[in-house]
Amino acid sequence: MLKPSLTNFADFIEKPKPVKVKTKFEIQNDINLYMNLALFLIIVVGVVILYLRGKTKEERKQKATEKITKLHGYMKDYMDEQMINSMLNQQNNNVHTNIR
């Protein structure tokens with residue numbers, strides 16, 4: 001019969017990994033990398049916004065001109081109607097005063 005052998009359980013425990021201490025220069029390089037990426041993304045978003053704004057510039061100008069033209073036409077019609085109504089009211093008042 002086989003005799004059981006004793007085992008050392010310390011062999012099965014994982015040894016802690018050594019902690020690598022970063023120098024200030026390495027930490028600063030990591031921070032600079034993240035800051036550069038963030039700045040690059042901000043610039044890309046800005047360029048995309050400017051591109052889309054320039055692309056729709058003519059369309060926005062045309063809509064604004066159309067709205068101003070409609071407002072001008074409405075105001076002209078309103079003023080003409082007001083002038084005609086005031087003239088008619090004056091004539092009606094003159095006719096009524098002459099009859100009396």
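## Secondary structure and overall form

Helices are DSSP runs of H or I that comprise at least four residues, and they are numbered from the N terminus. On this basis the protein, examined here as a predicted model, has two helices and zero strands. Helix H1 covers residues 24-55, and helix H2 covers residues 57-99.

The radius of gyration of the protein is 43 Å, whereas a compact globule of 100 residues would have a value near 13 Å. The C-alpha trace spans about 145 × 40 × 25 Å along the principal axes.

## Surface and charge

Of the 100 residues, 0% count as buried. The protein exposes about 10,800 Å², of which carbon and sulfur atoms supply 64%.

There are 16 positive and 10 negative side chains, and 5 Å separates the centres of the two sets.

## Salt bridges

A search of the whole structure finds three salt bridges. In one of them, the side chains of Lys 22 and Asp 30 meet at 2.9 Å, N to O. Lys 22 has a relative accessible area of 48% and is therefore partly exposed; Asp 30, at 31% relative accessibility, also counts as partly exposed.

Helix H2 contains both Glu 59 and Lys 63, four residues apart, or about one turn of the helix. Their side chains form a salt bridge with an N to O distance of 3.7 Å. Glu 59 is partly exposed at 45% relative accessibility, and Lys 63 is partly exposed with a relative accessible area of 48%.

Lys 70 and Glu 66 likewise both lie in helix H2, four residues apart, about one turn of the helix. The salt bridge between their side chains is 3.8 Å, N to O. Exposed means over 50% relative accessible area, so Lys 70, at 57% relative accessibility, counts as exposed. Glu 66, at 45%, counts as partly exposed.

## Aromatic pair

A search of the whole structure finds one aromatic pair. It is formed by Tyr 74 and Tyr 78, which are stacked, with 6.4 Å from centre to centre and 20° between the planes. Because these two residues are four apart in helix H2, about one helical turn separates Tyr 74 from Tyr 78.

Tyr 74 counts as exposed, at 52% relative accessibility. Tyr 78 has a relative accessible area of 40% and is partly exposed.

## Lys 55 and Glu 66

Lys 55 lies in helix H1 and, at 59% relative accessibility, counts as exposed. Glu 66 lies in helix H2. Lys 55 and Glu 66 are eleven residues apart along the chain, and their C-alpha atoms are separated by 19 Å.

Terms used. Residues numbered from 1 in each chain as written. Predicted model: local features only at pLDDT ≥ 70, side-chain atom pairs only at ≥ 80, totals over all residues. Heavy atoms only, no water. Rg over C-alpha atoms; globule rule 2.2 N^0.38 Å. Buried < 20%, exposed > 50% of the residue type's maximum accessible area, 1.4 Å probe, protein only. Areas by Shrake-Rupley, 256 points an atom, 1.4 Å probe, with all protein chains shown as cover. Lys, Arg positive; Asp, Glu negative; His and termini not counted. Charge placed at Lys NZ, Arg CZ, Asp CG, Glu CD. Phe/Tyr/Trp six-rings, centres within 6.5 Å; stacked < 30°, edge-to-face > 60°. Salt bridge = Lys/Arg side-chain N within 4 Å of Asp/Glu carboxyl O.
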